[in-house]
Amino acid sequence: MGTSFAAQLLSTDVEPEEKLWRGVLCNAIEDAGQVSQERKPSIYKCDAHAWIMSNVTDFHTVCYYAGFEPDHVKERYKMAIMRGDIEIVRNLNQKNIIENI
């Protein structure tokens, strides 16, 4: 999602609790970026994408605990999709169709 965002995410100048929540956020982004034809990773990918793109309280809470604004995370995530760093497909018959942007 970009080197500056990654540098912020991996910063060592944060409290341990903030590092923990950054790990949660990083795990979701990694899940969303998986490229696999297998069922289980595909489910994780869809769930992670839906969670990041949603407006649910727990996503906002994780972002705030991680030291990030939820809207900023979403925008960076959308930019990664548009650059092709993260590929979102609706189903096998409609490959490379980006949704929720």
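**Figure 1. Residues 92-101 and model confidence.** Over residues 92-101, pLDDT stays under 50. The model is a predicted one, and for this stretch it has 22 contacts beyond four places in sequence. Where pLDDT is low, the predicted coordinates should not be read in detail. For the protein chain, the mean pLDDT is 81, and 75% of the residues reach 70 or more. Among the helices, confidence is lowest in H1 (residues 3-9), with a mean of 58. It is highest in H4, where the mean is 96.

**Figure 2. Helices of the protein chain.** The protein chain has five helices and zero strands. Along the sequence, the pattern reads α-α-α-α-α. Of the 101 residues, 33% count as buried. Among contacts with a separation of 6 or more, 47% come from residues 24 or more positions apart.

**Figure 3. The largest nonpolar core.** This core has 19 residues. Leu25, Trp51, Ile52, Phe59, Val73, Tyr77 and Ile86 are the members that touch the most other members. At least two residues of the core are supplied by each of helix H2 (16-32), helix H3 (39-53), helix H4 (57-66) and helix H5 (70-83). In soluble globular proteins, nonpolar side chains tend to be buried together.

**Figure 4. Packing of H2 against H4.** The axes of these two helices come within 7 Å and cross at roughly 135 degrees. At this angle H2 and H4 are oblique to each other, and H2 passes H4 in a left-handed crossing. From H2, the contact is made by Glu18, Trp21, Arg22, Val24 and Leu25. From H4, Phe59, Val62, Cys63, Tyr65 and Ala66 take part. Leu25 and Phe59 are also listed among the core residues that touch the most other members.

**Figure 5. Packing of H2 against H3.** Here the axes come within 7 Å, with a crossing angle of roughly 125 degrees. H2 and H3 are therefore oblique to each other. The crossing in which H2 passes H3 is left-handed. On the H2 side, the residues are Leu25, Ala28, Ile29, Asp31 and Ala32. They meet Tyr44, Lys45, Ala48, His49, Trp51 and Ile52 in H3. Leu25 of H2 also takes part in the contact with H4.

**Figure 6. Packing of H4 against H5.** The axes of H4 and H5 come within 8 Å and cross at roughly 100 degrees. An angle of 65 to 115 degrees counts as roughly perpendicular, so H4 and H5 are roughly perpendicular to each other. Phe59, His60, Cys63 and Tyr64 of H4 make the contact with Pro70, Val73 and Lys74 of H5. Phe59 and Cys63 of H4 also belong to the contact with H2.

Figure 7. Ile86 lies in the segment after H5. With a relative accessible area of 5%, Ile86 is buried, because buried means under 20%. Leaving aside neighbours within four places in sequence, Ile86 is in contact with Ala32, Gly33, Lys45, Tyr77, Ala80 and Ile81. The C-alpha atoms of Ile86 and Gln34 are separated by 7.8 Å, although the two residues are 52 residues apart along the chain. Ile86 is one of the core residues that touch the most other members.

Figure 8. Glu15 is found in the loop between H1 and H2. Its relative accessible area is 54%, and Glu15 is therefore exposed, the cut-off being over 50%. Between the C-alpha atoms of Glu15 and Ala66 the separation is 9.7 Å. Along the chain, these two residues are 51 residues apart. Ala66 is one of the H4 residues in contact with H2.

How values were computed:
Residues are numbered from 1 along each chain as its sequence is written. This is a predicted model: local features need pLDDT of at least 70, side-chain atom pairs count only at pLDDT 80 or more; totals for chains, interfaces and linings use all residues. Side-chain values use heavy atoms; hydrogens and water are left out. A nonpolar core is a set of buried Ala, Val, Leu, Ile, Met, Phe, Trp, Tyr and Cys residues joined through side-chain atoms within 4.5 Å. Buried means under 20% relative accessible area, exposed over 50%, partly exposed in between (1.4 Å probe, protein chains only). Helices (H or I, at least four residues) and strands (E, at least two) are DSSP runs, numbered from the N terminus. Contact means heavy atoms within 4.5 Å. pLDDT is the predictor's confidence in each residue, from 0 to 100. Axes are lines fitted to C-alpha atoms, for helices over the stretch in contact, and angles run from 0 to 180 degrees between N-to-C directions. Angles under 35 degrees count as roughly parallel, over 145 as roughly antiparallel, 65 to 115 as roughly perpendicular and the rest as oblique. A crossing is left-handed if the near helix is turned anticlockwise from the far one by less than a right angle, and right-handed if clockwise.
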